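This briefing goes through one structure by topic. Please keep the sequence and the coordinates open while reading.

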There are 2 protein chains.
Amino acid sequence: MKIEIKEAVEFLRSQDDYLILMHASPDGDTLGCGFSLCGALQRMGKRAKAVCPDEIPHRFDYMREAVTEQEFEERNIICVDVADTKLLGDMKEMGDRAALCIDHHVSNTEYAERLLLRENYAAAAELMYEVITALGVEIDRPIANCIYTGVATDTGCFKFSNTTPQTHIIAAKLMECGAEIAPINYAMFELKTPGRLKLEQEVLKGISFHAEGHVAVITVMKSVVDSIPDIDSDDVGAMAALPRQIEGVDIGISIKEKKGGIFKASLRSSERIDVSEIAKQFGGGGHARAAGCSFSTTFEEAERLIVEASCAAVRQAGLI
Amino acid sequence: MKIEIKEAVEFLRSQDDYLILMHASPDGDTLGCGFSLCGALQRMGKRAKAVCPDEIPHRFDYMREAVTEQEFEERNIICVDVADTKLLGDMKEMGDRAALCIDHHVSNTEYAERLLLRENYAAAAELMYEVITALGVEIDRPIANCIYTGVATDTGCFKFSNTTPQTHIIAAKLMECGAEIAPINYAMFELKTPGRLKLEQEVLKGISFHAEGHVAVITVMKSVVDSIPDIDSDDVGAMAALPRQIEGVDIGISIKEKKGGIFKASLRSSERIDVSEIAKQFGGGGHARAAGCSFSTTFEEAERLIVEASCAAVRQAGLI
């Protein structure tokens, strides 16, 4: 059942012993929502804990300052930034019993007993800011840090087109509450692990250009990833953004070797090309600016297919 | 003479035939201020033009949409984001006759007849937003794009510690006026020329670490820069940020070979080290987080000196 902020507040005030679930492969938005809500409920005198099916990367450690570790029998499950219980990994069954979901994904499957949804918000953390404010909890520095992280990470630090005037106004209010934006943004957007740096260098060595430079392709082979110590999936995933950053490139392609001879192509595009149309030709999908598809074939064949389809799209758009 | 916004508005309303000067090696803030003020004055029915002593990089071309080219005899000179007339290159003498300066640099030399200064603003463009609003000019999409560019570029897209709640509130207002943030931010923060990408790769090949990884050094040799076609000073300058982005690095050093056997070291640091103290040891200076100094010696000697001083600073800070 879809509900509004007022009803979410009534529910949160009337109950206790909350278990807050954050999605697998956690990002700044789900973690920011989980820890800020947990901290807010604790400040109301409630018992609450926030958990994630996957390990939380160390760069988010500062968020734990917002909460106190509590042991209690959990009675009410809340999912934050979780569009589908499939995204909860081992915790899927708990998600299926969710009393409340707070989310911003248009694809939300409405699995929870109560759903507070804002599809037009850039980050679920923007909605969490409104919920915590409506709960009457004063947003202190640690809670502000969590919410700010969600807002900043889901908008590429206010760079992406999902940013709205409201996003900036919430950021301003969080700064007034003490959000420590410089170290957070450094950790989220500037910091590179030595492994990521090494992988970038290896991957960019082999970059190739097609269609008069409108298409760029990089390849992330398993043997290369395995040869670099201390590399995580975040580092590997970050490669997908590289080819599209090069001047003149309208379609950036990253081909990643997965286990069992599968090659996954990640496509990124300028506003002149809809890459979801290209991905669909190979059974994949996604958004206009970011899409993907998989190939169970040789690397050479996968590369040939995706490059040909991309060059055709560039021609069709009249760019060459 | 220092003045307030009200007096700047009175001056701008009472005069005509404005020549607006933007500083050499132009950045988004000086250009955003220059073109937005020029456009605003033209919308008031005044004659105005904005000029820069250096060529304006193509990625700022969209700013010209805010203005109309006009030919007239210039009678009143305005400098924007120009702390010192030395920063005007060939146009220094015109700057010395400035009737008005609008700026945010604490180092402003008060050269202009009237100085409107806000040292605590992250960008001069924040102040320009206030001036144009006070002039009663409606901020349309092209003017909003110019001001937004100044605000975004001087704050690293709201990432740096100079960002204030006001910065975000102005960004929200500019979005409401139609600022096209996604393409602007792509051009300012994501786009890399093929030359920059190549230089990054070359420079990172030779990165070295010292003091248990707390100090990282890259070298930008003239022969390497000269071997890459279509590279500009922006691309070369951007290298200085790279070493400090690596996890664990507290002092990032970039040593650049200049003409005539001079080596310039650019230092960037975490909040745990004040690099201006290191630069001062060699006759340089700057800020706590970003400083620089020059060496008229061999490369090996320059590297040895700056690395030794940096390692000493790391030890003194108790990091090793």
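The model is predicted. Chain A is assigned two domains, domain 1 (5–189) and domain 2 (194–316). Chain A superposes on chain B with an RMSD of 0.2 Å, and 34 residues of chain A contact 34 residues of chain B.

**Domains of chain A**

- The assignment places residues 5–189 of chain A in domain 1 and residues 194–316 in domain 2.
- Taken over C-alpha atoms, the centres of domain 1 of chain A and domain 2 of chain A are 31 Å apart.

**Relation of the two chains**

- In general, a rotation about an axis and a shift along it relate two copies of a chain.
- In chain A, A:H168 has the C-alpha nearest the axis, at 2.5 Å from it.
- Of the interface residues of chain A, 100% are also interface residues in chain B, so the copies meet through the same surface.

**Interface: area and residues**

- The accessible area lost when the parts come together is often used to give the size of an interface.
- Between them, chain A and chain B bury about 3,200 Å², and 65% of this lies on carbon and sulfur atoms.
- Three residues, A:K159, A:H168 and A:Q245, supply 20% of the area that chain A buries against chain B, more than any other three residues.

**Interface: polar pairs and elements**

- Between chain A and chain B, 11 residue pairs are in polar contact, with both residues at pLDDT 80 or more.
- The rule finds two salt bridges across the interface of chain A and chain B.
- One of the salt bridges joins the side chains of B:K159 and A:E190, with an N to O distance of 3.5 Å.
- On the side of chain A that touches chain B, the elements giving two or more residues are α6 (165–176), α7 (181–190) and α8 (194–205) of chain A.
- Of the elements on this side, α6(A) gives the most, with seven residues.

**A:D81**

- A:D81 lies in the loop between β3 (76–80) and α3 (92–95) of chain A.
- A:D81 counts as buried because its relative accessibility is 2%, under the 20% cut-off.
- Beyond four places in sequence, A:D81 touches A:H23, A:D27, A:D29, A:T30, A:I102, A:D103, A:H104, A:H105 and A:A124.
- With A:H23, the contact includes a side-chain to side-chain polar contact of 3.3 Å.
- A:K192 is 111 residues from A:D81 along the chain, and their C-alpha atoms are 26 Å apart.

**A:D250**

- A:D250 sits in the loop between α10 (233–238) and β8 (251–258) of chain A.
- With 3% relative accessibility, A:D250 counts as buried.
- The side chain of A:D250 makes polar contacts with the side chains of A:S270, at 2.5 Å, and A:R272, at 3.0 Å.
- Leaving aside neighbours within four places in sequence, the contacts of A:D250 include A:H214, A:R244, A:R268, A:S269, A:I273 and A:L319.

Definitions and conventions. Residues are numbered from 1 along each chain as its sequence is written. Chains are lettered from A and ligands numbered from 1 in the order in which they are written. This is a predicted model: local features need pLDDT of at least 70, side-chain atom pairs count only at pLDDT 80 or more; totals for chains, interfaces and linings use all residues. Side-chain values use heavy atoms; hydrogens and water are left out. Domain bounds come from an automatic or database domain assignment. Copies are superposed by least squares on the C-alpha atoms of residues with pLDDT of at least 70 in both. Contact means heavy atoms within 4.5 Å. Helices (H or I, at least four residues) and strands (E, at least two) are DSSP runs, numbered from the N terminus. Buried means under 20% relative accessible area, exposed over 50%, partly exposed in between (1.4 Å probe, protein chains only). A polar contact is a pair of N or O atoms within 3.5 Å; within protein, one must be able to donate a hydrogen and the other to accept it, and residues adjacent in sequence count only if both atoms are side-chain atoms. Buried area is the accessible area (1.4 Å probe) that two parts lose on being put together, summed over both. A salt bridge is a side-chain nitrogen of Lys or Arg within 4 Å of a carboxyl oxygen of Asp or Glu.
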